[in-house]
There are 2 protein chains.
Amino acid sequence: MENEPLLMLPGPVPMPERVRAAMTRQAINHRGAEFGAIYADSVRVLKSLFGTENELFVLSGSGTAAMEAAVANFCAKTAVACLENGKFGERLKKIAGRYGTAVPVVSEWGTPLDLDALEQALEEGARAVTLVHNETSAGIKNPAPEIGAIARKHDALFIMDGVTSIGGDLVEADRWGVDIALTGSQKCLAAPAGLSAISVSGRAWEQLAEERPYYLDLLAYRKSAAKKPMETPYTPAVPLYAALREACRIIEEEGLAMRIARHKRMSEAVRTAARAWGLEIFPTLDAVHAYSNTVTALRIPEGISDAALRGGVRELGVIIAGGQDHLKGRIFRIGTMGAVGAPEVLATLAAVERALRSLGFVPEDDGVQAAAEVLG
Amino acid sequence: MENEPLLMLPGPVPMPERVRAAMTRQAINHRGAEFGAIYADSVRVLKSLFGTENELFVLSGSGTAAMEAAVANFCAKTAVACLENGKFGERLKKIAGRYGTAVPVVSEWGTPLDLDALEQALEEGARAVTLVHNETSAGIKNPAPEIGAIARKHDALFIMDGVTSIGGDLVEADRWGVDIALTGSQKCLAAPAGLSAISVSGRAWEQLAEERPYYLDLLAYRKSAAKKPMETPYTPAVPLYAALREACRIIEEEGLAMRIARHKRMSEAVRTAARAWGLEIFPTLDAVHAYSNTVTALRIPEGISDAALRGGVRELGVIIAGGQDHLKGRIFRIGTMGAVGAPEVLATLAAVERALRSLGFVPEDDGVQAAAEVLG
């Protein structure tokens, strides 16, 4: 029997065997020392990936839960400048609008953010900024340090979604002036889906909303995390915490700098292949925007259908992503996150080339070999 | 090496091997057919345990998340009569107070609910009722059918927390007039902690709040569940869904009637042992209240410390629960939920008897043998 199909999505990503095995542990009392140690150890490693010394909590909910926790606890009834150049920026805008006033600072998906418009929104009274650091929907990396500087200049709270950067690309939350950073478990950490992590600065705590949600009440998380052994306020998703801890151990063993370099190399390999084939990389950049180091978005060549392209790739055992919302049919996306390396990237590129060729696309050059050179 | 300690708590409970193994599955795309089938199959079985034909969703969050989802989606800005005779009744009251007006209908923990006071609260304008069916903090089973009839008489929405009854005791949500029923994964279902399930009646949908939370927005869950394949609105905790489905299969194999009878027998065995020893069962009952069939709360005999008692039991490899909040030190609790049977119950009772004896308590009679007779 063949292996499972290879998931080269912008999350979920394949999990290492050790991470999956960690979940088979028999149920434990989540108010005991063993769980406390698992939680504390994960927090220690996650803080290094976030680049923060702030308090950090692991929530039993997806990245979307952490997004809502950030907004609901710290930006209720507040005007929030919501930077958007992709789907997840839009999601933060929607959440901000549920709790306060969202001031949209919208660029076309996959194009640079409008930092002048951000300045203006802050001058006109927005008290917080939301940013998606790595916008997987468009394959673009947004300039978090620059935005942090603008937020700080206006004394605004800076909320950064690092769901697809933290653990795969360099994040220095404290140095960049990020007040609240968050990530999900099933992306660069290569842990199972279902958990998220969120860090909170002292400046943010000063602005804690009086009326907070219950399940996502970060003050409740803070109080429980201060206990010995460390706890969560409500029953945590215990097997996922065990898996996350194992994923953190693997990250420590690899070393963060090596891990980031590996992610950079993998995405560079994909872009190199695309250029060799003559495919267009989707996002447009400027001086401060960059291609994502964890997912690559490519334009689908004229006359080729998304379904046929991804179907052809799927026939060779590899699953890649299409575009979302209005980008459906216009782009396809290759995730290079987590535990994967050269074999997975090469297999994926070879399958994409085959699918493109079978649909009539004639590559300019040998993309797979060009990528191999980058990966070697 | 010895086995793990035996968890005889009111959740989490030991998970069958098959349930744990289900979590080792490699990551799958949660927008695909395999995940959709897992979700749909769990929903089918859960509906039978809930006794409902209403829509039912599995949430990536604990029972507390489902409690909040019930209140936030259907009782925002509403006066809610909150029945309370234990800790979880109190929690629903706190949540109701965050979204609307909680009208407390409080009895001392472990004593019968005040149904006259409930009638009065409804006459005075409360538009919804919250009930914890099985209050594990006190070992009492509350009269859901009677409360359903009262709620219906006043045309009030009836929210029932079945976290520690559904899957272990008889629940007939539709027949009892329950509009919203909910449960957690790590209790009678013997699945891992981290998921909850919630059913919603047509009458409840008519009262859906316009302003809803984001992560726990049940309309978003409804829309995604209607897709083919079935989906969740945000990334689900995939391994937990796989484990829950396996737990549901095990429940189907046992048969619900057999499972309920087994739970009843186990708790009856614990109560029988307590009576033989001369220990007092904590809750006080009346014509419509009953002892819990999934957890038994017993008074700690005069002069014995909670820590010493549970410590002695722990030395024999069994973990039982103490009292919560003001019941700490006054009661101890033995959970008999999920996959456990006669061996686990007998071992627990023998360990409890030994711990009691070593602390100077002289049992009147042989509780373990009396329990064995019930279990045989």
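Strand 8 of chain B is largely enclosed by the rest of the structure, because 5 of its 5 residues are buried (20 or more other C-beta atoms within 10 Å of a residue's own, with C-beta atoms placed from the backbone). Strands here are DSSP runs of E, at least two residues long, and helices are runs of H or I, at least four, numbered from the N terminus. The model is predicted, so local features need pLDDT of at least 70 and side-chain atom pairs count only at pLDDT 80 or more, while totals for chains, interfaces and linings use all residues. Residues are numbered from 1 along each chain as its sequence is written, and chains are lettered from A and ligands numbered from 1 in the order in which they are written.

Looking along strand 8 of chain B, Leu157(B), Ile159(B) and Asp161(B) point one way and Phe158(B) and Met160(B) the other. Strand 5 of chain B pairs with strand 8 of chain B (pairing requires at least two DSSP bridges) in the parallel sense over 5 bridges, and Leu131(B) has Met160(B) as its bridge partner. Strand 9 (residues 180-184) of chain B also runs parallel to strand 8 of chain B, joined by 3 bridges; here Ile159(B) stands opposite Ile180(B).

Stepping back, 7 strands of chain B form an open, mixed sheet in the order 2-10-9-8-5-3-4. Its edges are strand 2 (55-59) and strand 4 (101-106) of chain B, each pairing on one side only. Strand 2 of chain B meets strand 10 (residues 196-200) of chain B in the antiparallel sense over 5 bridges, with Phe57(B) partnered by Ile198(B).

How values were computed:
A residue is buried if 20 or more other C-beta atoms lie within 10 Å of its own, exposed if 12 or fewer, and partly exposed in between; C-beta atoms are placed from the backbone.
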